[in-house]
Amino acid sequence: MRALCWMRRHGEHARKSSESSVHTLKLSLLVVVSWAGHSSQAMAQEVVEEWIPAQGYLRIGAEPDRRIPLVETGYSLLLPRHGPVVGVVAFLDSRRNPDSGKPVEGSFDAEALRLGLAVLHFTTGNPLDFLFERTDLERLTSRVEHALAVNDLEDLPIHFAGLSLGGTRALRLLIFLKQMDGEHRLKVGAVAVVDAPLDMERLWRSEGHAIGRNFHPAAADEGRWVRYLLEEHLGGDPDQSRDHYAEYSPYSYSQPGGGNAVHLRDIPVRAYHEPDVDWWIEHRRKSYYDMNSLDLAALIAELQASGNERAQLITTNDRREGADTGASPHTWSLVDDTDLAEWFVQQSRD
């Protein structure tokens with residue numbers, strides 16, 4: 001299954017220490033913008049942004065030309081204009097969205113704001129960031145702490161959400177926060193992921209099939225750069241370095257208890273997918289083994305077996321936009337945004 005759809009679009013613990021780490025980055029922009037909600041397409045809200053210009057490149061292959069530019073680092077924080085804020089939902093995006101401060105009516109951001117949730121869109125500067133290294137996780141934690149602290153949100157629960165690799169990052173960071181409980185100031189809440197790859201051994205082998213079949217050029221290219229990044233950061237292929245793959249993966253089928261899934265046993269988790277295997281066979285020559293649905297279903301089954309009654313697998317059928325015209329099931333559009341926003345509000349209150 002195509003794990004990372006955005007690649008196609010661009011080819012797609014104290015407060016002082018936290019603030020200090022941000023200032024050393026020489027922030028180039030600090031903007032506070034108020035939207036009056038004069039358009040039916042925009043919610044009444046406040047937007048706080050901090051961004052650092054992009055610098056450098058990311059290597060995605062051994063060949064000299066296999067590299068892509070880095071992107072801006074920073075965040076956009078959307079705040080409800082009226083009423084108390086009940087919680088924060090954070091997305092670890094691949095790149096800055098210039099329209100993130102202008103959510104369309106009915107979108108998740110708009111529904112979240114309407115219900116009293118703040119929405120944080122954060123980027124690390126690496127559009128293909130797997131958050132491989134502990135230092136990456138520590139730095140990201142400090143930056144998120146800073147964003148909440150300077151906006152008087154640090155006492156509120158923070159939830160995480162994401163599509164594809166954004167969902168992988170969300171679980172990767174949440175698991176790190178659970179492992180480091182007591183060493184950070186974030187009040188961990190719930191998490192929702194949409195069609196995210198979780199078991200990196202399964203993903204590595206799946207991408208190998210895409211390369212070998214070479215049916216769809218973008219899928220084969222994705223297979224090459226995904227394998228390259230996994231092997232570079234996890235010590236080779238899974239046969240050479242299975243322990244490292246298991247230590248990294250948010251869920252590992254080969255490990256007792258699902259590996260890192262044990263850290264999610266008391267976390268409300270939603271996993272969304274639309275397992276349209278007919279689409280994957282026709283358009284990518286991929287099977288169930290190549291779909292992120294395997295990881296998501298296995299994670300939720302493991303969590304429920306361990307007693308987590310707040311772990312849910314949300315399976316849809318032809319709900320996604322464009323399903324009748326051949327659109328990919330690897331999309332956020334299969335999510336009921338109002339229902340998800342209401343779920344996050346409930347988790348904020350529990």
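A salt bridge, as I use the term today, is a side-chain nitrogen of Lys or Arg within 4 Å of a carboxyl oxygen of Asp or Glu, and by this rule the count comes to 19 salt bridges. Please keep in mind that this is a predicted model, in which local features need pLDDT of at least 70 and side-chain atom pairs count only at pLDDT 80 or more, while totals for chains, interfaces and linings use all residues. Residues are numbered from 1 along each chain as its sequence is written, and side-chain values use heavy atoms, with hydrogens and water left out.

Let me begin with R134 and E138, whose side chains meet in a salt bridge at 2.8 Å, N to O. Both residues lie in helix 4 (residues 134-149), four residues apart, about one turn of the helix, where helices are DSSP runs of H or I with at least four residues, strands are runs of E with at least two, and both are numbered from the N terminus. E138 is partly exposed, with a relative accessible area of 29%, given that buried means under 20%, exposed over 50%, and partly exposed in between, using a 1.4 Å probe and protein chains only.

Now to R270 and D339, which form a salt bridge at 2.8 Å, N to O. Because R270 lies in strand 10 (residues 269-273) and D339 in helix 11 (residues 337-349), this pair ties together parts that are 69 residues apart in sequence. R270 counts as buried, at 7% relative accessibility, whereas D339 is partly exposed at 32%.
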